[in-house]
Amino acid sequence: MLRKLRLSSELPRARRYPELAHPYRNDFQRDRDRIIHSQAFRRLEGKTQVFAPGLCDHFRNRLTHTLEVAQVARTVATTLELNEEFTETLALAHDLGHPPFAHSGEIELNRIMRSYGEDFEHNAHALRIVDRLEQRYARFDGLNLTFEVREGMVKHSREIFASDESSLREFLPGLRPPLEAQLIDPADEIAYNTADLDDAFAAGVITSSEIAASVPRFAELIEQIEIQYPGASERVQFREVQRQLINDLVGGLAQGTINAVVSAGIETSHDVREHNARVAVLTADADALNKQLKTLLALRVYQAEALVLERKKAASMVSDVFEHLLQDPLLVSSGYREHLDETPPHRVICDYIAGMTDGYLVKTHSSLVRSAARR
Ligand code: MG
């Protein structure tokens, strides 16, 4: 297939602090294991994806979403004979930088940081976590990941240009990331579009017939399933269709990538980097399906009243906690307190809040507000 474009695990990979080779794990296996053992990775379990827990006890959280992205990305990587370990590592790392309460937390932290002339963005924050905030090694801060994994984390959903801030210039501005890294963004979209549809159906926010009205492929499949399994419940029929949608999209990503590589005349991994566009793309059919799902979710699910209310509440909790901590930055937990010597308090507070799970933010909020009321 695309074996000639595979990034090799066998060559030694550069780390900021040189390390000896491991006796039985290659560099990407080591990076994957460092990510899985990080605090930031464990905290993904307590972070909302779209639906906060409570309404239903089987919604995705950011950890289960991450596992679904890894599974989609690995399937495509192995189908195309690319580097599965490198792909898996990037997928497991792709959401490490998300703050509590999903995008509402991110928007609010970014709004606050902008008043200091800085910003908050989850991919940049993920790099900050693996380069600096994780404390597990005596010899260095962070996890000392390979250049390729750090580059893939920064570039999985954006390009880097020579005009970008100086801290990003080490990541080969102007060049596309390796093909494995290019798979992460479409795999993420496939995973969340289908999962959000599933969670929205489970929450009763949307019904099969509403989906069928705006997604022709869904309508076609549900009709087939109703004929094939007329006695099955609406829920099981929905899941039969949802599984087929995932197949369509994942197969569409593998095939679309092959088509793009062939039509661009790409022969080597160097060509992948030099090409003027990404080649990990969906076929036209799969892309249309993906966009229909995205539009439907944007209109019918993400704007649902319960979610909008939840987001407002989360944003105001983030800003309350930020303000309270700014009055007494020493209240951040001990691992972050050490950073106050060399980092401005607003950045330390931002790092601290971004690291919190939803539950810890709620708990911190109520204890800070309570102690302020006593003062
Ligand atoms: Mg994601």
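Biologist: In which loop does N144 lie?

Modeller: Helices here are DSSP runs of H or I with at least four residues, strands are runs of E with at least two, and both are numbered from the N terminus. This is a predicted model, in which local features need pLDDT of at least 70, side-chain atom pairs count only at pLDDT 80 or more, and totals for chains, interfaces and linings use all residues. Residues are numbered from 1 along each chain as its sequence is written, and side-chain values use heavy atoms, with hydrogens and water left out. N144 belongs to the loop between α6 (122-133) and α7.

Biologist: Is N144 buried or exposed?

Modeller: Buried means under 20% relative accessible area, exposed over 50%, and partly exposed in between (1.4 Å probe, protein chains only). N144 is not a glycine, yet its phi is positive, near 50°. With a relative accessible area of 3%, N144 is buried.

Biologist: L172 has a positive phi too; what is its value, and how does L172 count by accessibility?

Modeller: L172 sits in the loop between α7 and α8. Phi of L172 is near 50°, in a residue other than glycine. Because its relative accessibility is 32%, L172 counts as partly exposed.

Biologist: Which residues coordinate the magnesium ion?

Modeller: Donors are N, O and S atoms within 2.8 Å of the metal (3.2 Å for Na, K and Ca); water is not among the atoms, so sites may look incomplete. Along the chain, the donors of the magnesium ion have the spacing H-x28-H-D-x92-D. At 2.1 to 2.5 Å, the coordinating residues are H65 (NE2), H94 (NE2), D95 (OD) and D188 (OD).

Biologist: Are H94 and D95 buried or exposed?

Modeller: The relative accessibility of H94 is 2%. For D95 the value is 3%. Therefore H94 and D95 both count as buried.

Biologist: How many salt bridges are there?

Modeller: A salt bridge is a side-chain nitrogen of Lys or Arg within 4 Å of a carboxyl oxygen of Asp or Glu. By this rule, the count is 34.

Biologist: What parts of the chain does the pair of D199 and R60 link?

Modeller: The closest N and O atoms of D199 and R60 are 2.8 Å apart. These residues are 139 apart and link distant parts of the chain: D199 in helix α8, and R60 in the loop between α2 (39-43) and α3 (62-79). D199 has a relative accessible area of 2%, so D199 is buried. R60, at 16% relative accessibility, also counts as buried.

Biologist: How far apart are K155 and E151 in helix α7?

Modeller: K155 and E151 form a salt bridge, with 2.9 Å between the closest N and O atoms. K155 is buried, with a relative accessible area of 0%, and E151 counts as buried at 0% relative accessibility. Because they are 4 residues apart in helix α7 (residues 147-155), K155 and E151 are separated by about one helical turn.

Biologist: How are K291 and D287 placed by accessibility?

Modeller: The side chains of K291 and D287 meet in a salt bridge at 2.6 Å, N to O. They are 4 residues apart in helix α13, so about one helical turn separates K291 from D287. At 49% relative accessible area, K291 is partly exposed. D287, at 26%, counts as partly exposed.

Biologist: Which residues do salt bridges that share partners join into one network?

Modeller: The network is built from salt bridges with shared partners. Its members are R60, E68, D198, D199 and R239.

Biologist: Why do the buried residues of α13 line one face of the helix?

Modeller: The buried residues of α13 are A286, L289, N290, L293, L296, L297 and V301. The arc is that of the directions from the helix axis to the C-beta atoms. Seen down the axis of α13, the buried residues line one face because they fall within an arc of 130°.

Biologist: Which residues of α13 are exposed on the other side?

Modeller: Contact means heavy atoms within 4.5 Å. What covers the buried residues of α13 includes α8 (179-202), α9 (208-214), α10 (216-228), α11 (234-264) and α14 (305-327). On the other side of α13, the exposed residues are A284 and L299.
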